[in-house]
Each structure stands twice: as structure tokens, then as C-alpha cells.
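Subject: Structure for you to look at

Hello,

Here is the structure I promised to send. Please open it beside this email and follow along.

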Amino acid sequence: MLKAPLKKTIRDFDIRGKRVLVRVDFNVPLDKDRNVTDDSRIKAAIPTIKYLLEQGAQPILMSHLGRPKGKAVESLRMMPVAKRLKELLKVRVVYLKESVGPRVKAAIEKNRDAVVLLENLRFHPGERENLPDFAKQLAELGDLFVNDAFATAHRAHASTVGVTSYLPSCMGFLMEKELEVLGALLEEPEKPFIVVLGGNKVSDKLGVIDSFIDIADTIITGGGMCFTIIKSMGLEVGQSVIEEDQIPQVASALKKAKRKGVRILVPNDFVVADRFDKSANKKIVPCESIPQDWMGLDIGPMTVEKYCTIIKSAKTIFWNGPMGVFEWSAFGKGTKAIAECISSANATKVVGGGDSDAALRQYKLENKMTFVSTGGGAAMRFLEGKKLPAVEALDEK
Ligand code: ADP
Ligand code: MG
């Protein structure tokens, strides 16, 4: 089975007195007054930053924020992040309005006793294009490169891959934890291992379905993605979202699951709506009787009961993707019930995916999980068994 890559960590280096360039993911949501509305990504990087400070190193932090498309955008400056970081760390944080160049170098020298936060990396086109010149300019700011931005690990950018050509490079604590927890799901999950998949598109999930067919005992499905599965079983789904072009791939995944003795379950009943609207008319119908003009927007109560019984028997659970349109309370019951059920299971409980994370926070259940991944796309890519370029680029142990 696929092993988590053996990459160097910060503990493998003597960092006293060193300038440590750290790629973090501070791509946080801001409100219209540019206040950070969710600081969980900042908090997730704190253990690495604190360790560097304790060891007498100077953390030089860099991140992207939003999509400035290669030029400076006032509303996407890192200032609000610096403010929040200062409150959380309770040490001096120096925010620089540039990310490379002589003025940045001088400011780092002048503030050797402070944490430095560079300007939004994506103000430079060289970041996303992974241009060697930009990577080299970043590398000149530090003696060691630490990557703690798991959420961008599936992207080969100057600050994640390019920079590793010029500096000794290792994982931060968050990166290490993510790879360890997600890697354990692929390697030696305690059985029964139940995978709960929902969300919008089956095409986003087929890779992990394929990967988990080899490992899991049962794959439970819901959300929009289950309708393509139901359709490929030969049933009608009314106006529910489906991806017609994915039916052959889904059918072959179902065949493979059958061959391997893995159950892929679809809901028995749905909350259907007469239009895609938060105040649409709704009713509960069995899976095989979705009216032609209606669409499934949540799993029904029978399904919740059946799924919860299975979830409770698990020793390992991985959940990605809401069970319905949870953003609308009329169609959020299924997601909430499943989230509660997973929370109370006596198992290792791992959650991945931006919307699943948002749902958990909405129900205040995020602390009930063993681990909530900070990387939606990166986590899914990793669980598909694919290599993450930013991890591959780090120094081997
Ligand atoms: P995650 O971000 O956790 O990986 P996805 O992005 O795959 O999850 O899916 C989340 C989205 O799926 C949500 O915006 C939700 O409204 C939508 N969704 C869930 N169920 C349905 C459904 N039955 N019909 C349409 N959209 C759905
Ligand atoms: Mg999403």
C-alpha cells in the first residue's frame, strides 16, 4: 500500500539563529470591512511558528490570499491577517507590503527578533507560473524552507515547489499531521472502515471512490453526487443534479466494488423540492419514486437512520461532502444528522472538504472529530493515491 512520504521535518534541522521561510496557507475569508471571519487556517499554522520561535529561529511567513491574478490588489493585502496573527501569537509581527526585493531583505535584517509576514504572493505572476526568478528571490530571504501549507500542496507554485530548488526544504507540523492522518486512512485503517461521501459532483469523487474500494468496508453516498450513481443503477432521478457523461465510470466503479465485496450504498429516501430554491415546496419520497419534475436536495429520515446504524459500527470514518444543500436549513437536516452521528461514533473520525468543514463549524461539531483536514482539493488528491507536487519537492529523510 501507499506509504506517506518520508520527508524531512523541522526537527531534522538545527535552526537556532536561522531565517526560516515558511509557506503557510493564510487564504482566509474576509468580510467587507476586511476583518478575518474565520481564523482557523491561521490557528492551524501556530504550532510551527511557535516552535520556530522557541528554537530561536526567525519565522518569515508567506501565503497567498484570494485571486489577485498576478498584480497588487489593495483589498487583498495581508494586513488583516497580520493583525489577527499578532493577536493569536502575542509577539511582534512585522507585515511587509512587498514579498521580495532589497527592501524586504533589509526589513528582515532589521527585525530579526520579530515574526515577518510577506505580502500576498499572488501579486506576482511568477508565483502561480512557478517562475524560477521569483522562486529564487523568495529563497534569498531565508536559510531554510518549511512548507506548512497542506491546502496548496497539490499546486506547483514558486512558493511551494520552485523555492525548494534553492533551499534545504522540509515539512511543518501541520503538513506532517495532515499526511500522517490521511496516510493512515490509506495504509492501515482500523476496521470496519466506513467512507461517507456527498457533495456536488460525482466526477470530483470518483478518484477517491476508486481508491477506497480497495480499503473501505462500506461507502455511503448522499448529496448531489449520489444521483449519478442511482441513475447508473437504472433508476430515474427527476430533476436532481446528474453528470450524464460520468455514468460509464460510475458503472465500472460499482462493478469493481461488487468484485471486491465493498458495499456502495445510496439513500433509500430523499427530501425532494419542486425547484432549486431555499423556500421551494418539499416532500419526502422513496428513492425509486422521485417525481419527474422534482429534485432531491437532501437525504430522507429513513436514510439517516440506516446510515447512522452503519456509522455507529465503524472503527474508522472518513467523511467528505454534505448530504444535501445544507446551506439552506430546509435541506440541511440530513447533513446535520450525519455529522452528529459521526461525531458521536466511537471511532477515528476524519473529515475533508471545504463545505463539509463549513457544515461542521455551523453545527459546532468540529472539535468532536479526530481530525478535520485543512485541505479540500489537496486531501482528495492525496486520498486518490496521487502525488502532491509540493510534498514531493521536499528533502527526503
Ligand atoms: P466539500 O467542499 O466538502 O468537498 P463539495 O464541494 O463536493 O463538498 O459539495 C458541496 C456542495 O454540494 C454544497 O454547496 C451543497 O449545497 C451541494 N449539494 C449537496 N447536496 C446536493 C444536492 N442534492 N443537489 C445539489 N447540490 C447539492
Ligand atoms: Mg466544496
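First, a definition: axes are lines fitted to C-alpha atoms, for helices over the stretch in contact, and angles run from 0 to 180 degrees between N-to-C directions. Helices (H or I, at least four residues) and strands (E, at least two) are DSSP runs, numbered from the N terminus.

This is a predicted model, where local features need pLDDT of at least 70, side-chain atom pairs count only at pLDDT 80 or more, and totals for chains, interfaces and linings use all residues. Residues are numbered from 1 along each chain as its sequence is written, chains are lettered from A and ligands numbered from 1 in the order in which they are written, and side-chain values use heavy atoms, leaving out hydrogens and water.

Helices H10 and H11

Start with H10 (residues 301-312) and H11 (residues 333-344). Their axes come within 9 Å and cross at roughly 20°. H10 is therefore roughly parallel to H11 (angles under 35 degrees count as roughly parallel). The crossing is right-handed (the near helix is turned clockwise from the far one by less than a right angle). H10 brings Val-304, Tyr-307, Cys-308, Ile-311 and Lys-312 to the contact, and H11 brings Gly-334, Ala-337, Ile-338, Cys-341 and Ile-342 (contact means heavy atoms within 4.5 Å). Eight of these residues are nonpolar, one is polar and one is charged. Ala, Val, Leu, Ile, Met, Phe, Trp, Tyr, Cys and Pro count as nonpolar, Asp, Glu, Lys and Arg as charged, and the others, Gly among them, as polar.

Helices H7 and H9

H7 (residues 202-213) and H9 (residues 247-260) have axes that come within 10 Å and cross at roughly 20°. These two are therefore roughly parallel to each other. Their crossing is left-handed. Residues of H7 in the contact include Leu-206 and Ile-209, and those of H9 include Val-250 and Ala-253. By class, the H7 and H9 contact has seven nonpolar, one polar and three charged residues.

Ligand 1

Which residues are closest to ligand 1? They are Lys-205, Gly-296, Glu-327, Asp-355 and Ser-356, among 19 that surround it (one heavy atom within 4 Å). A polar backbone atom of Gly-296 is 3.0 Å from a ligand nitrogen. A backbone N or O atom of Asn-200 lies 3.1 Å from a ligand oxygen.

Two backbone details

Most residues other than glycine have a negative phi, and most peptide bonds are trans. Arg-34 has a positive phi of about 65°. A cis peptide bond joins Lys-191 and Pro-192.

Best wishes

Terms used: Angles under 35 degrees count as roughly parallel, over 145 as roughly antiparallel, 65 to 115 as roughly perpendicular and the rest as oblique. A polar contact is a pair of N or O atoms within 3.5 Å; within protein, one must be able to donate a hydrogen and the other to accept it, and residues adjacent in sequence count only if both atoms are side-chain atoms.
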